[in-house]
Amino acid sequence: MRQASSAEVDVVGSSRFNSNIHGLRGLAALMVFGCHVSAGAYEAGFYPDTWPTLFAWMLNAGRYGVDVFFLISGYLITETLVRKHHIKRFLLDRAIRLYPAFIGVLLPLIAMGIATQARIFGETEPASWPFHILSSLLFLPGVFPLPAILGVAWSLSFEAAFYLTAASAFALGRAHRRALAGGIVLIVSIVLLPQYPGIVCFHAGVLVYLYRSQLQRALRLLRSPMLMLLGFLVLRDVIARSAVPGELLLSPLMSVLLALLFISALAFFSALVEGAGALSALMRCAPMQFMGTISYSFYLWHTPVMYLTKRWVHASIVPAYGEAAGTLAFAAISLPPAILISYLSYRVLEAGAGRVLHRRLSTNAGRQPAAGAVS
């Protein structure tokens, strides 16, 4: 199973800041965390088989928080390109936004792996590590079948592909080569879709930005984000269980399922962007806004933290109190330090180092970059 993740930028405090979207990052981050609680407990052998099926399904469905992040990415990438009309600036901003926090996680993992002579890249030999370190820094594992230092970083490879595809399409469209722009988007989609069906969410996010008013009118009968999210998760899970690698585009049933998934993603996200329903109100509460702010660092750091806490829980809690208590303790003990480290990473690396890099590299020296959260 792919590990879940996140990635894309919004500007906190800007006139275009949408608290519903920002809080959705927090929800997606917690969904990913829940998925890794169940996956980590299962891999360690202490996940309880007696838990209710619905509860177990909800935890496992947290993996599709990645797709929610892709929805947000499609929306915000499009918004940024349309608003700024500056492709080089867009790509520079994305690099500055992603790299400080990512390198802040990557370097300790590399140092620890080398110091302990651990096989930090699976079964690869130490002589090949420099190549794999470089591939991780270029966000290649994920789209390409390469081992990664940080397992959850696979989705950053798709995010990088989104950035480059969107920037290329925007440049060609501005040069009145819209057919070529559309062709590039189509080719990239055909190549990536069999690898990860959730990329349709990126396209849904783009459409929600470009046709927000029209979609809200067309989907006015589907204005319950909570119900639409539930329907989306059910469809996404059916697709994940039914998909055959390499045959995704050839199956009529899969095509129908993907079309329904796309519609449910449109309905869910357009309603949430509008602020409809109780789920949107929940997204605007302070805890979800905070989680939205630290969501990128949280995505990067929560699995290394969970790797350490899982070992202690397995050795100390499970033998004395059982599997169910061990799994709950695994979640409860992992979450606070993951949040604390993520907050420090956000303040020091995302906000602090990012601001310094912007000042030094920005062609517009007077621009003050704000610290958003990557989703």
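Select helices H4 (residues 87-116) and H14 (residues 295-321) of this predicted model, helices here being DSSP runs of H or I with at least four residues, numbered from the N terminus. H4 and H14 are roughly parallel to each other, a label given to angles under 35 degrees, because the two pack at an angle of about 15°. Their axes lie 10 Å apart; each axis is a line fitted to C-alpha atoms over the stretch in contact, and angles run from 0 to 180 degrees between N-to-C directions. The crossing of H4 and H14 is right-handed, which means that the near helix is turned clockwise from the far one by less than a right angle.

Next, display the side chains between these two helices. On the H4 side, select Arg97, Leu98, Ala101, Phe102, Gly104 and Val105, which meet Tyr296, Ser297, Leu300, Trp301 and Pro304 of H14, contact being taken as heavy atoms within 4.5 Å. The residues of this contact divide into 8 nonpolar, 2 polar and 1 charged, where Ala, Val, Leu, Ile, Met, Phe, Trp, Tyr, Cys and Pro count as nonpolar, Asp, Glu, Lys and Arg as charged, and the others, Gly among them, as polar.

Glutamate 79 is buried at 6%, whereas arginine 83 is partly exposed at 33%.

Finally, select helix H10 (residues 225-242), in which aspartate 237 and arginine 241 are 4 residues apart and have their closest N and O atoms 2.7 Å apart in a salt bridge. Aspartate 237 is buried at 6%, but arginine 241 is exposed at 61%. The whole structure holds 5 salt bridges.

Residues are numbered from 1 along each chain as its sequence is written, and side-chain values use heavy atoms, leaving out hydrogens and water. Local features need pLDDT of at least 70 and side-chain atom pairs count only at pLDDT 80 or more, while totals for chains, interfaces and linings use all residues.

Key: A salt bridge is a side-chain nitrogen of Lys or Arg within 4 Å of a carboxyl oxygen of Asp or Glu. Buried means under 20% relative accessible area, exposed over 50%, partly exposed in between (1.4 Å probe, protein chains only). Angles under 35 degrees count as roughly parallel, over 145 as roughly antiparallel, 65 to 115 as roughly perpendicular and the rest as oblique.
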